[in-house]
Amino acid sequence: MTMEALRTFLGWCTVINVTALILASFFLGPMRGLVMAVHGRFMPLSREDLLRAYFDYLSHYKIAVIVFNLVPYLALVLMA
């Protein structure tokens, strides 16, 4: 795999993952009641625990996207 192909791959991975993060944030924002009703059926958690779980999910996902997609992409861009 060439550096150009790897850079393109990581760039698209970053775009796809940031889009997924934005969509998840959107659905957990204005549609919080519906999302909490659905997840409340599967997990016996209080409202506060569900909100904490959502926040943890979004923060961990954001860190993973930055560490595994964005930073390697930027490093390859700077190397070129």
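Among contacts in the chain between residues at least 6 apart in sequence, 70% link residues that are at least 24 apart. This figure, like every value below, is computed from a predicted model.

**Overall architecture**

The chain holds 3 helices and 0 strands, and from the N terminus its elements follow the order α-α-α. Its radius of gyration is 17 Å, well over the 12 Å that the globule rule gives for 80 residues, so the chain is more spread out than a compact globule. The C-alpha trace spans about 50 × 20 × 15 Å along its principal axes. Of the 80 residues, 21% count as buried. The chain exposes about 5900 Å², and carbon and sulfur atoms supply 74% of that area.

**The nonpolar core**

Which residues make up the largest nonpolar core? There are 8 of them: L21, A24, L28, V35, M36, L50, Y54 and L58. Helix 1 (3–28), helix 2 (32–42) and helix 3 are the elements that each give two or more residues to this core. One of the core residues, A24, is in contact with Y57 and L58 once its neighbours within four places in sequence are set aside.

**A nonpolar patch on the surface**

I63, I66, V67, F68, L70, V71 and L74 form a surface patch, with about 620 Å² of accessible area together. V71, one of these residues, belongs to helix 3, which covers residues 47–79. Is V71 buried, partly exposed or exposed? Its relative accessibility is 46%, and V71 therefore counts as partly exposed, since that class lies between the 20% limit for buried and the 50% limit for exposed residues.

**Salt bridges**

Side chains of opposite charge can pair when their charged atoms come close. How many salt bridges does a search of the whole structure find? The search finds 2, and they are set out below.

| Salt bridge | N to O distance |
|---|---|
| R7 and E4 | 2.3 Å |
| R52 and D49 | 2.9 Å |

R7 and E4 are 3 residues apart in helix 1, so about one helical turn separates them. E4 is partly exposed, with a relative accessible area of 45%. In the second pair, R52 and D49 both lie in helix 3, where they are likewise 3 residues apart, about one turn of the helix. Both partners of this pair have intermediate accessibility: R52 is partly exposed at a relative accessible area of 49%, and D49 is partly exposed at 31%.

**The surroundings of L6**

L6 is found in helix 1. With a relative accessible area of 29%, L6 is partly exposed. What does L6 touch, not counting residues up to four places away in sequence? Its contacts are M1 and L76. The C-alpha atoms of L6 and D56 are separated by 30 Å, and these two residues are 50 residues apart along the chain.

**Summary**

The predicted model is a chain of 3 helices and 0 strands. Its largest nonpolar core has 8 residues, and helix 1, helix 2 and helix 3 each give two or more of them. On the surface, a nonpolar patch that includes V71 and F68 has about 620 Å² of accessible area. The salt bridges join R7 to E4 and R52 to D49.

Terms used
Residues are numbered from 1 along each chain as its sequence is written. Side-chain values use heavy atoms; hydrogens and water are left out. Patches are made of residues with over 30% relative accessible area and no salt bridge: like charges are joined within 9 Å, nonpolar side chains (Val, Leu, Ile, Met, Phe, Trp, Tyr) within 5 Å. Accessible areas come from the Shrake-Rupley method with a 1.4 Å probe; for residues, only the protein chains shown count as cover. A salt bridge is a side-chain nitrogen of Lys or Arg within 4 Å of a carboxyl oxygen of Asp or Glu. Helices (H or I, at least four residues) and strands (E, at least two) are DSSP runs, numbered from the N terminus. Buried means under 20% relative accessible area, exposed over 50%, partly exposed in between (1.4 Å probe, protein chains only). The radius of gyration is taken over C-alpha atoms; the globule rule is 2.2 Å times the number of residues to the power 0.38. Contact means heavy atoms within 4.5 Å. A nonpolar core is a set of buried Ala, Val, Leu, Ile, Met, Phe, Trp, Tyr and Cys residues joined through side-chain atoms within 4.5 Å.
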